[in-house]
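Look at the structure first, then read the points below.

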Amino acid sequence: MHNLTIAELVKGLQSKEFTSVELTQHFLDRIASLDPAYNAVITVTAERALQAAAAADQRLAAGNAPDLCGVPILHKDIFCTDGVRTSCGSKMLDNFIPPYNATVVENFEQAGAVVLGKTNMDEFAMGSSNETSFYGPVKNPWATDSVPGGSSGGSAAAVAARLAPGATATDTGGSIRQPAALCGVSGIKPTYGRVSRWGMIAFASSLDQGGPMARTAEDCALLLNCMASYDDKDSTCIDREVPDYTATLSSSVKGLRIGVPKEYFSEGLHPGTEEAVRAALADLEAQGAELVEISLPNSALSVPAYYVIAPAEASANLSRFDGSRYGYRCENPKDLEDMYCRSRAEGFGEEVQRRILIGTYCLSAGYYDAYYGKSQQVRQLIQQDFVSAFENVDLIMGPTCPSPAFKFGSKGDDPVAMYLEDIYTIATNLAGLPGMSVPCGMVEGKPVGLQIIGNYFDEARILNVAHQYQQASDWHTKAPEGIA
Amino acid sequence: MSIERREIEKLATLSRIAINEETISEVSQRLGSVLELVDQLQAVNTDGVEAMSHPMQATQRLREDEVTELNRREALQAIAPETEDGLFLVPKVIE
């Protein structure tokens, strides 16, 4: 059952080929037996899952159940789940049991989806390798000596290892697309404002966006149908109808204009990655799409701009963790100041502390204009690059990341080397555009991702093209050794 | 590029993060390498470019000034480190 796609599971459940309880038990068993090798799941909610599955089976028996009714999924441990610990990969929230559900979690609950548990992640979503998690790194199912990517590494590894057919994730600078690429799964970061951020623990509020991961683009469409919604509780959510993302999957790509940015094929790109991405583009060309070379001249500025804006917003967002109302409090504080300073020093890991310090620096008196103000202006330039490009093309494509999964510890000492991992993904967050990664090849036994960037609210077209690509390729069907 | 010890101490105070004496030079070096990266921005000409804070130039919505949240004090305080009579307890502030 674990090799079926979500679309197939929906059919199987609706036609009573198997029950949600059977399906749920099957995935719970897989998590119990396989996950010790990957560390993709922080919390397993077996009892709740089986109760939800039994309830889903009743809804299915009654007929008219929503698509995802009875389908097991995992949530990234950044989404608040009522009554279930939500750690955000941090010691700071190791004891945090939220009294409410994130809107995304609520949407899946309403649809009758079954939550198997919560996935591992970089602490507060700050990382590209999952090495910053308080719960230890997730291992890439394709090569356990290598990183799964981050920050949604647990979700990506879990989907790759068939521990769940789909999972939620979030993307602030590439945290859906990069792990999806490194683990050989499909994942989409929607337009900023498409998915509610309410109850999704904030990292950089002007960039954070939730999205789904699954093995196929069709499954991502099914999950996004449920995940995307307008939400009054998120003031940056955009009030715009959510289309049925599955309705346009089979449209032809004939005549589609695909922009290929020359900046995404420059120095630093692994030759094997380039070859796989070029081959995927050629496949789409063979299907009738037209490739157009474009330029995004300010691309190189996206990493520096991001590493001002994201830490600046993080330093403000993370000021709420002070040991007063929830989360970690240090032992025997001698006064209030000591409680704040030690709770934060002991509760936050090294990378989180580094980003808070950088963010505080960039926002402090005398530096604000030079750093934060300047970055917000550069952000405008980066957005303008995309706006101009989309006057002439329908989609933009290139590699998701510069090379396949790297080995643990190989970028540990230099934060900047790690930051450059997101060089192709960050610009879309700065511009607020939707982007997706789908598997398009293998290098040295590790997966390569093709990135598809769309115009604002053009998720349906991204998913359509990704689906058409997957109709003519089989990279998304490959499984790591020992998984099938 | 590295940041002066004095400056690191000030940032740590502003951030309310207790910083370990032994790690200051390491922190200074790593922050320095990040600042070197972001300093690339200074060379960009942004004269007349408006700062961007929301990709769709959305503005904050207004709503009627009505109570929309239920009082959930007990549930919210159940997860607090220390409470008493419906209040959050912290170390004594005023002697």
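The model shown is predicted.

**A helix pair across the chains**

- Helix α11 of chain A (residues 350–363) and α2(B) have axes that come within 11 Å and cross at roughly 55°.
- The two helices α11(A) and α2(B) are therefore oblique to each other.
- Their crossing, that of α11(A) and α2(B), is right-handed.
- On the α11(A) side the residues are A:Arg354, A:Leu357 and A:Ile358, and they meet B:Arg30, B:Leu31 and B:Val34 of α2(B).
- Four nonpolar and two charged residues make up this contact of α11(A) with α2(B), with no polar ones.

**The contact between the chains**

- Chain A contributes 57 residues to the contact and chain B contributes 38.
- In chain B, the helices α1 (5–15), α2 (24–38) and α3 (73–77) each supply at least two residues of the side that touches chain A.
- Of the side of chain B that touches chain A, α2(B) gives the most, with six residues.
- That side of chain B has 26 nonpolar, seven polar and five charged residues.

**A helix pair within chain A**

- The axes of α7 (residues 217–227) and α15 (residues 459–471), both of chain A, come within 8 Å and cross at roughly 150°.
- This angle makes α7(A) roughly antiparallel to α15(A).
- Residues in the contact include A:Ala217 and A:Leu224 of α7(A), and A:Leu463 and A:Gln470 of α15(A).
- By class, the contact of α7(A) with α15(A) has six nonpolar, two polar and two charged residues.

Notes. Residues numbered from 1 in each chain as written. Chains lettered and ligands numbered in written order. Predicted model: local features only at pLDDT ≥ 70, side-chain atom pairs only at ≥ 80, totals over all residues. Axes fitted to C-alpha atoms, helices over the stretch in contact; angles between N-to-C directions. Helix = DSSP H or I, 4+ residues; strand = E, 2+ residues; numbered from the N terminus. Parallel < 35°, antiparallel > 145°, perpendicular 65-115°, else oblique. Contact = placed C-beta atoms within 7 Å. Nonpolar A, V, L, I, M, F, W, Y, C, P; charged D, E, K, R; others polar. Left-handed = near helix turned anticlockwise from the far one by under 90°.
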